[in-house]
Amino acid sequence: MLQSTWGWLIAIYLFLGGLGAGAFLCSTLAYKGFLGKLEVKFYRSGFLLAPALVIAGTVLLLFDLAPSAAINPLKILQLYTRPVSMMSIGTYLLTFFIVVSLLVFLQIKKGGKICDTLLTLGSFLAIGVMGYTGLLLYAIKAIPLWASVWLPILFTVSAISTGFSANAVSLISGGANLSREAHKFHAFLALFEIFAVLMLFASVRHEAAGMLSIDKIVVGSLAPCFWIGFVLLGLVAPVLSGAKTMFSPSCKALEDGSVCCVAGGETKSCIFTEIGVLIGGFCLRAFIIFGAVYIF
């Protein structure tokens with residue numbers, strides 16, 4: 001039996017929560033110089049997007065799981081009273097991440113140096129939030145597709161990839177270029193995401209319900225979402241684009257280490273590729289939610 005409890009609000013929360021946390025982590029990596037020489041617009045956009053996206057996603061999560069909270073705020077407070085439950089753990093992670101990301105946001109707005117302690121704490125919380133978007137489903141053992149340890153791993157890698165793309169769109173649309181290290185980093189994420197989704201399917205195929213989920217996703221009604229949205233736009237396109245940008249004669253390395261696409265069409269192609277990654281990240285959450293089948 002297909003699950004019918006969680007729908008589009010949860011899918012959107014999983015996407016926005018992961019995207020915001022991923023953007024924060026990629027911004028931290030860029031700010032610390034781990035992604036090569038990038039203009040400040042890359043990490044500024046991520047630090048600005050992070051709290052807004054996670055807050056929006058959290059509101060959607062509350063509407064879906066506790067719709068009465070709007071008229072009874074005590075319902076929200078109750079989420080903090082069971083520290084060993086998955087919902088309470090997620091509530092604390094989301095709350096602390098929102099607070100820390102807002103503090104970083106304020107420092108960015110003031111134009112000063114960002115506190116290293118806040119960046120370190122925010123990065124650990126971001127990883128927690130990204131993992132939680134998968135653990136929220138992983139806790140439901142009656143659905144094999146969700147009960148695999150590879151699901152939170154897949155969601156975490158996808159969140160970092162989509163967060164990177166959100167930051168990259170802001171950078172490229174402003175006329176700047178990604179560094180060679182950044183291109184390599186994103187290509188590695190896409191390759192690892194391919195590995196993670198294969199491992200997810202392999203780990204659940206021994207269950208009849210798990211195999212039904214795979215069939216629905218790969219050859220059933222969700223196949224266009226999987227093959228076009230997730231595989232083609234979200235995985236294949238960034239790998240091919242990264243290889244093209246790195247090795248095409250129309251692109252050249254600049255003195256600062258960034259990779260400049262000489263032809264104007266290349267810049268547009270890079271933007272479309274990053275947007276495709278965002279579409280692929282959302283498609284992943286959609287087919288995981290709507291392809292879930294209970295054990296029978």
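Visitor: Which residues of α7 are buried?

Guide: First, the general idea. An α-helix has 3.6 residues a turn, so residues three or four places apart point the same way. Now the case in this predicted model. The buried residues of α7 are Ala-182, His-183, His-186, Ala-187, Leu-189, Ala-190, Glu-193, Ala-196, Val-197, Leu-200, Phe-201 and Val-204. Read them against the helix limits: α7 covers residues 180-204.

Visitor: How many residues does α7 have, and what does it reach from its first C-alpha to its last?

Guide: Helix α7 has 25 residues and reaches 37 Å, close to the 36 Å expected at 1.5 Å a residue.

Visitor: Where is the kink in α5 centred?

Guide: On Tyr-132, with a kink of about 35°. Check the bend as well as the span.

Visitor: What is the order of elements in the chain?

Guide: From the N terminus, the run is α-α-α-α-α-α-α-α-α-β-β-α. That makes 10 helices and two strands. Look at contacts too. Among those between residues at least 6 apart in sequence, 77% join residues at least 24 apart.

Visitor: Which residues have the most contacts inside the largest nonpolar core?

Guide: The general idea: in soluble globular proteins, nonpolar side chains tend to be buried together. Here the largest nonpolar core has 74 residues, and Phe-42, Trp-146 and Ile-288 have the most contacts inside it. Helix α6, residues 150-173, gives the most to this core, with 11 residues. A second, separate core has five residues, including Phe-15, Leu-16, Leu-19 and Ala-166.

Visitor: What is Ile-288 in contact with, leaving aside its neighbours within four places in sequence?

Guide: Leu-137, Leu-145, Trp-146, Leu-151, Phe-155 and Leu-200.

Visitor: How many disulfides does a search of the whole structure find?

Guide: A disulfide is a covalent bond between the sulfur atoms of two cysteines. The search finds zero. Compare two cysteines by accessibility. Cys-26 counts as buried, at 0% relative accessibility. Cys-115 is partly exposed, with a relative accessible area of 29%.

Conventions:
Residues numbered from 1 in each chain as written. Predicted model: local features only at pLDDT ≥ 70, side-chain atom pairs only at ≥ 80, totals over all residues. Heavy atoms only, no water. Helix = DSSP H or I, 4+ residues; strand = E, 2+ residues; numbered from the N terminus. Contact = heavy atoms within 4.5 Å. Core = buried A, V, L, I, M, F, W, Y, C linked by side-chain atoms within 4.5 Å. Buried < 20%, exposed > 50% of the residue type's maximum accessible area, 1.4 Å probe, protein only. Bend = angle between axes of the 7 residues up to and from the residue. Disulfide = S-S within 2.5 Å. Expected span 1.5 Å × (residues − 1).
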